[in-house]
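Hello,

Here is the structure I said I would pass on. My notes on it follow below.

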Amino acid sequence: MNLHKNFNSVGVTMLLLCVALGLVAARFTNMPLIAVFAALVGCYFLFAIVVVDQWEKVAVLRFGRYRGLRGPGLFLIVPIVDTLSRYVDQRVRVTTVSAESTLTRDTVPVNVDAIIFWLVWNAEKSILEVEDFKEAITLSSQTALRESIGRHQLAQMITERETLGRELQRILDEKTTPWGITVQSVEIRDVRIPQALENAMSQQAQAERERQARVILGEAEVQVSDQFAQASRVYAQNPGALHLRGMNMLYEAIREKGAMVLVPSSAIETMGLGATLATVAIAKQQ
């Protein structure tokens, strides 16, 4: 932020106008001192006229003592006697902070990037209470971010970024309120971990998925075996149902065109297929 802005267009215009009027008056009156006096008046207006933008405030100091805030708009000061403080921008500002190789609660080194949204709500306090509030915000944010990382585990930082952001916002707002500054929100933009640890976590997740797949497969085998046990008890009490099931399996095997199935004669006799096929053949001949 600038301690003093360059000359504004209004002051420059007044200087040129005074010089022009002084030259004209000196020419008609043949008095060169009028031009000199007009130039001095123009220089006075050049330094006395101050223009402050809509979103800014500035403090006026008279012989080093605070006289009040000015702006936005145009106002006059007394050159040499009055001085201006830094211009305070009261719009919402964004500050990016980062914490590199900071240990979490479970001793994992992480790199965290965060974005701080803040604004000056009391320009008088921000000018009189702190030397450079922008640098103070940045340093305070980095310190608070490191402290918050040390109080959380890695899993919490990855899955609960919003909670971490609200905690940082509360800590910073308590610290900056006496400066006339409020922290509106804090957003955790990125949480990076070492590549070796990232690979280990990936392998761990893959192993966990494989374990779950094997558990599901084992549970399916148990359910299938239970169903087979129930079917065997039904077939034991009803041999006819077992024969029909055998015939259905044989039909499904030879249903495809061009399929060939070799069935032992003992299996045919067990299912009673010989008598069944002979009966069908005789019925076709008749």
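**What was found**

Asp113 is a residue of strand E8, which covers residues 109–120. Please keep in mind while reading that the model is predicted. Asp113 counts as buried because its relative accessible area is 14%, and the cut-off for buried is under 20%. Leaving aside residues up to four places away in sequence, Asp113 touches Val97, Ser98, Glu187, Ile188, Arg189, Asp190 and Arg192.

Next, the sheet that E8 belongs to. Three strands form an open sheet, in the order E7-E8-E9, with antiparallel pairing. Strand E7 (93–103) and strand E9 (181–192) are the edge strands, and each of them pairs on one side only. From one strand to the next, the twist averages 25°. E8 and E9 run antiparallel and are joined by 10 bridges. Within this part of the sheet, Leu119 stands opposite Thr182 in E9.

Two helices pack on this sheet. Helix H4 (residues 133–150) touches E7, E8 and E9, and the direction of H4 makes about 40° with that of E7. Helix H6 (residues 161–176) touches E8 and E9; the direction of H6 makes about 145° with that of E9.

Arg93 may also be worth a look on your screen. What is the nearest side chain of opposite charge to Arg93, and how far away is it? It is Asp89, at 5.0 Å. The backbone of Asp89 is another matter: the backbone oxygen of Asp89 lies 3.0 Å from a polar atom of the Arg93 side chain.

Strand E2 (residues 56–62) and strand E3 (residues 65–70) run antiparallel, with 5 bridges joining them. Val58 has Arg70 in E3 as its bridge partner. E2 and E3 form a hairpin that has 2 residues between the strands. In the turn, Phe63 has a positive phi of about 55°.

Regards

Key: Residues numbered from 1 in each chain as written. Predicted model: local features only at pLDDT ≥ 70, side-chain atom pairs only at ≥ 80, totals over all residues. Heavy atoms only, no water. Helix = DSSP H or I, 4+ residues; strand = E, 2+ residues; numbered from the N terminus. Buried < 20%, exposed > 50% of the residue type's maximum accessible area, 1.4 Å probe, protein only. Contact = heavy atoms within 4.5 Å. Pairing = 2+ DSSP bridges. Axes fitted to C-alpha atoms, helices over the stretch in contact; angles between N-to-C directions. Lys, Arg positive; Asp, Glu negative; His and termini not counted. Salt bridge = Lys/Arg side-chain N within 4 Å of Asp/Glu carboxyl O. Polar contact = N/O pair within 3.5 Å; in protein donor to acceptor, adjacent residues only side chain to side chain.
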